[in-house]
Amino acid sequence: MFDLGELHRLAPRWSRLVHHYEQLESTNDTARDLAVQGADHGTVVLADLQHSGRGRRGAVWASAPGEGLLFSLILRPDYSRRYWSRLALAAGLGMVDSLRSAWGIEASIKWPNDVYIQGRKCAGILVESQDGFAVVGIGLNVSSSPEGGDSTSLHEQVGVEVSREEVLVSVLDAVLQESKGCADQFASQVVRMRSYCWLTGKDVSFVSNGEKIHGHVTGIGNEGDLMVRVAGVERSYQQAELIRVV
């Protein structure tokens with residue numbers, strides 16, 4: 001299970017903010033409740049096991065007890081709420097930078113809210129918000145990945161056991177830092193996102209506003225939107241679901 005003593009040794013600043021549970025229904029739900037009660041910016045809810053972990057569109061995030069990192073970060077951004085929609089991309093950017101710099105892993109962003117390694121999913125992000133705060137939920141495969149799916153883990157990629165405590169500190173530092181830039185630093189963030197975008201150059205299908213789309217991804221736009229060439233015309237998509245490479 002997660003070692004709070006090791007977390008304190010590595011980063012006392014985070015050990016004071018982490019609420020650790022052996023099991024929860026959902027770290028996002030618990031974080032939301034704490035935020036409503038006034039929890040500070042940077043508070044973290046961490047669980048070894050969650051029974052109702054979820055992703056976008058109600059998808060289930062599965063992880064064996066103690067094998068991954070399941071946590072939610074409470075943010076109280078000091079910029080306009082109209083920029084909060086960028087938080088998922090910023091979190092993905094922070095995670096990718098963290099994995100690349102700390103472990104030399106060629107991680108990429110699968111727009112809009114997943115982290116891929118070698119074409120396989122390693123992490124997912126779910127941002128939920130209400131007045132005064134946002135909750136950034138993250139599920140990251142550390143020691144293993146679910147069987148039967150097209151996913152991977154840090155252990156599989158690095159080839160040695162990876163400390164969950166070290167990964168948590170590295171990812172939290174990076175995500176918190178990137179979350180600060182969603183307003184006045186977003187242009188420079190987009191430049192980095194473009195270099196990490198796994199979908200760029202691929203033919204894809206997806207659903208946007210109920211319409212099935214087939215096209216060729218050309219990159220990420222200035223507002224963090226997905227740029228896709230459809231029937232010879234480049235279009236911009238702020239939202240897309242069921243993205244598949246074809």
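Buried area is the accessible area, taken with a 1.4 Å probe, that two parts lose on being put together, summed over both. Keep that in mind for the first stop. The model on screen is predicted.

**Stop 1**

Domain 1 brings 11 residues to it, and domain 2 brings 14 residues. About 1,000 Å² is buried between domain 1 and domain 2. Carbon and sulfur atoms give 56% of that area.

**Stop 2: the sheet of 7 strands**

Select the strands in the order β1-β2-β3-β7-β6-β5-β4. They form an open sheet with mixed pairing. Which strands stand at the edges? They are β1 (18–24) and β4. Each has a single partner strand, so one side of each is left without a neighbour in the sheet. Look along the sheet next. Neighbouring strands are turned by 20 degrees against each other on average, direction ignored.

Zoom in on β3 (residues 68–75) and β7 (residues 133–141). These two run antiparallel and are joined by 8 bridges. Pick F71, and across from it you will find I138 in β7. Helix α4 packs on this sheet. It touches β3, β4, β5 (114–117), β6 (120–130) and β7. The direction of α4 makes about 165 degrees with that of β4.

**Stop 3: helix α4**

Select residues 87–103, which make up helix α4. Check its length from end to end. At 1.5 Å a residue, its 17 residues should span 24 Å; the end C-alpha atoms are 24 Å apart, so the two values agree.

Is α4 mostly covered or mostly open? It is mostly covered, with 12 of its 17 residues buried. Among them are L87, L89, L93, M95, V96 and L99.

**Stop 4: G104**

Step just past the end of α4 to G104. This residue takes a positive phi of about 65 degrees. It is found in the loop between α4 and β4 (107–110). Is G104 buried or exposed? Its relative accessibility is 56%, and exposed means over 50%, so G104 counts as exposed. G104 and V158 are 54 residues apart along the chain, yet their C-alpha atoms are separated by 8.3 Å.

**Stop 5: the sheet of 5 strands**

Move on to the other sheet. Its strands come in the order β11-β10-β9-β8-β12. This sheet is open, and its pairing is antiparallel. The edges belong to β11 (233–237) and β12 (241–245). Each has a single partner strand, so one side of each is left without a neighbour in the sheet. Neighbouring strands here are turned by 40 degrees against each other on average, direction ignored.

Take one end of the order. Strand β8 (residues 203–208) runs antiparallel to β12, and 3 bridges join them. Pick S205 to see R244 of β12 opposite.

Then take the other end. Strand β10 (residues 226–230) pairs with β11 in the antiparallel sense over 5 bridges. V228 stands opposite R235 in β11.

**Last stop: the hairpin**

Stay with β10 and β11, which form a hairpin with 2 residues between the strands. Select A231 there. Its phi is positive, near 50 degrees.

Definitions and conventions: Residues numbered from 1 in each chain as written. Predicted model: local features only at pLDDT ≥ 70, side-chain atom pairs only at ≥ 80, totals over all residues. Heavy atoms only, no water. Pairing = 2+ DSSP bridges. Helix = DSSP H or I, 4+ residues; strand = E, 2+ residues; numbered from the N terminus. Axes fitted to C-alpha atoms, helices over the stretch in contact; angles between N-to-C directions. Expected span 1.5 Å × (residues − 1). Buried < 20%, exposed > 50% of the residue type's maximum accessible area, 1.4 Å probe, protein only. Contact = heavy atoms within 4.5 Å.
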